[in-house]
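Work through the exercises below with the sequence and the structure in view. Each task is followed by its solution.

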Amino acid sequence: MSTLLHQLPRLLKVKAPSPIISTLIHRHNYKSKSHILLPLSTSISNAASAATTTRSIATQSVVRAAAASPPTAPPIMVKAIRVHELGGPEVLKWEDVEIGEPKEGEIRVKNKAIGLNFIDVYFRKGVYPVSTIPFTPGVEAVGEVIAVGGGLTGRKVGDIVAYCMNPMGAYAEEQILPASAVVPLPPSVDPIIAASVLLKGLTAHYLLRRCFKVEPGHTILVHAAAGGTGSLLCQWANALGATIIGTVSTEEKAIQAKEDGCHHVIIYKEEDFVSRVNEITSGQGVEVVYDSVGKDTFQGSLKCLKPRGYMVSFGQSSGTPDPVPLSALSPKSLFLTRPLLRHYTETREELLKAAGELFANVSSGLLKVRVNHKYSLSQAAQAHADLENRRTSGSVVLIPDAAW
Ligand SMILES: NC(=O)c1ccc[n+]([C@@H]2O[C@H](COP(=O)([O-])OP(=O)(O)OC[C@H]3O[C@@H](n4cnc5c(N)ncnc54)[C@H](OP(=O)(O)O)[C@@H]3O)[C@@H](O)[C@H]2O)c1
């Protein structure tokens, strides 16, 4: 109220306490998000009368606004994380946001679990551009359908669905999604497990099965082998019959990487991984490097490859690698790719096929999903800080506070 009192003369474009015969007051109508201009006749002679006047303005505005427009349903508000400026974890704010009703082809989903991914950090910092600010981060979640828009969505209220990548906005209690973006969740897969594995598991799928096809007899190098994506890459590649060399930063992570099927683990903070790969492969090198670390490992990774080897640079947890001249590839006729998941799940058919294979491997136990860290959704900033500071291993999930 005191803020309003101080702003009143400016709003009224007069110097209080001089009398005002007639002016206009601007009142924001929260529901319709329109602005209504109402006539006002009054005078302000001191702060006390201004307070009274302000109260009466508010009352008058409500009455007249109600008379002018038909009643509308109250907005549906949910809690969500919002980013108003790019920066560190502290820019992740816990706020009330309005959510609409699903339109044609859309569904409204009440999230049960939200996957945390390194790409969320890139968007928050501005490494990858966002289309609007403020925005709600998050590109992976599992939830229950609670409303369905018009048209053929193929979904009904009560379905449990999972999605990843598009659209952004998963750090919310509820969100509106295109029905075509979600995949049904088999009852054998727990929602928290699904939110921990969908994006990272689809990534492991395309990296091992399509980007470079790993076969028995191959030797492969996986950086950040104890990370969310790394853990799945190692398990899956092991099942495909490859020999796996993994890099990690700590002894604790080395133990996990071994459990996940790494045949050799290098602690790359202490050992030179290029020399170690050379030793392990008797100077032959590896068929493929899956490099998600980027700046710190990229050049060394090229050195670990066999002639005609594949450099798959799929992330940059340590920063963007320096530009590579084409001539860097010719000494060993190397292949270099910088792939993105979305280009391997462009069609609905591709998405459903890959998700089906992934969930089948989770259900059969071939892939053990390590949900090593859970945070309530409102604590997303802490989760980001831990992920960025290499304090996490396996997958990290955010649980909406009501279910926490
Ligand atoms: N292109 C795609 O389609 C695609 C899809 C999914 C993920 N990705 C990328 O894959 C990478 C892994 O994602 P994720 O969500 O599974 O994360 P994550 O691997 O669980 O976490 C990142 C890990 O990177 C390692 N790392 C090395 N240097 C680091 C540094 N300077 N700062 C922070 N971490 C560092 C750390 O492991 P150590 O402590 O063992 O070094 C850390 O735990 C990310 O770069 C992500 O963008 C790409």
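**Exercise 1: the chain as a whole**

Among contacts in the protein chain between residues at least 6 apart in sequence, 63% join residues at least 24 apart; two residues are in contact if their C-beta atoms, placed from the backbone, lie within 7 Å. The model is predicted: local features need pLDDT of at least 70, side-chain atom pairs count only at pLDDT 80 or more, and totals for chains, interfaces and linings use all residues. Residues are numbered from 1 along each chain as its sequence is written.

Task: state how many helices and strands the protein chain has, and what percentage of its residues count as buried.

Solution. Step 1: the protein chain has 10 helices and 17 strands; helices (H or I, at least four residues) and strands (E, at least two) are DSSP runs, numbered from the N terminus. Step 2: of the 404 residues, 38% count as buried. A residue is buried if 20 or more other C-beta atoms lie within 10 Å of its own, exposed if 12 or fewer, and partly exposed in between, with C-beta atoms placed from the backbone.

**Exercise 2: helix H9**

Task: find which residues of H9 are buried and where they lie around its axis.

Solution. Step 1: H9 covers residues 348-364, and its 17 residues reach 24 Å from first C-alpha to last, close to the 24 Å expected at 1.5 Å a residue (the expected span is 1.5 Å times one less than the number of residues). Step 2: Leu351, Ala354, Ala355, Leu358, Phe359, Asn361 and Val362 are the buried residues of H9. Step 3: seen down the axis of H9, these fall within an arc of 155°, so they line one face of the helix; the arc is that of the directions from the helix axis to the C-beta atoms. Step 4: an α-helix has 3.6 residues a turn, so residues three or four places apart point the same way. Step 5: the face turned away from the buried side of H9 carries the exposed residues Glu349 and Ser364. Step 6: strand S9 (183-184) and H4 are included in what covers the buried residues of H9. Just after H9, glycine 365 takes a positive phi of about 90°.

**Exercise 3: helix H3**

Task: list the buried residues of H3 and what they pack against.

Solution. Step 1: Phe118, Ile119, Asp120 and Arg124 are buried in H3. Step 2: they pack against strands S3 (76-83), S4 (92-99) and S5 (106-116), and against H10. Step 3: glycine 126 follows H3, with a positive phi near 90°.
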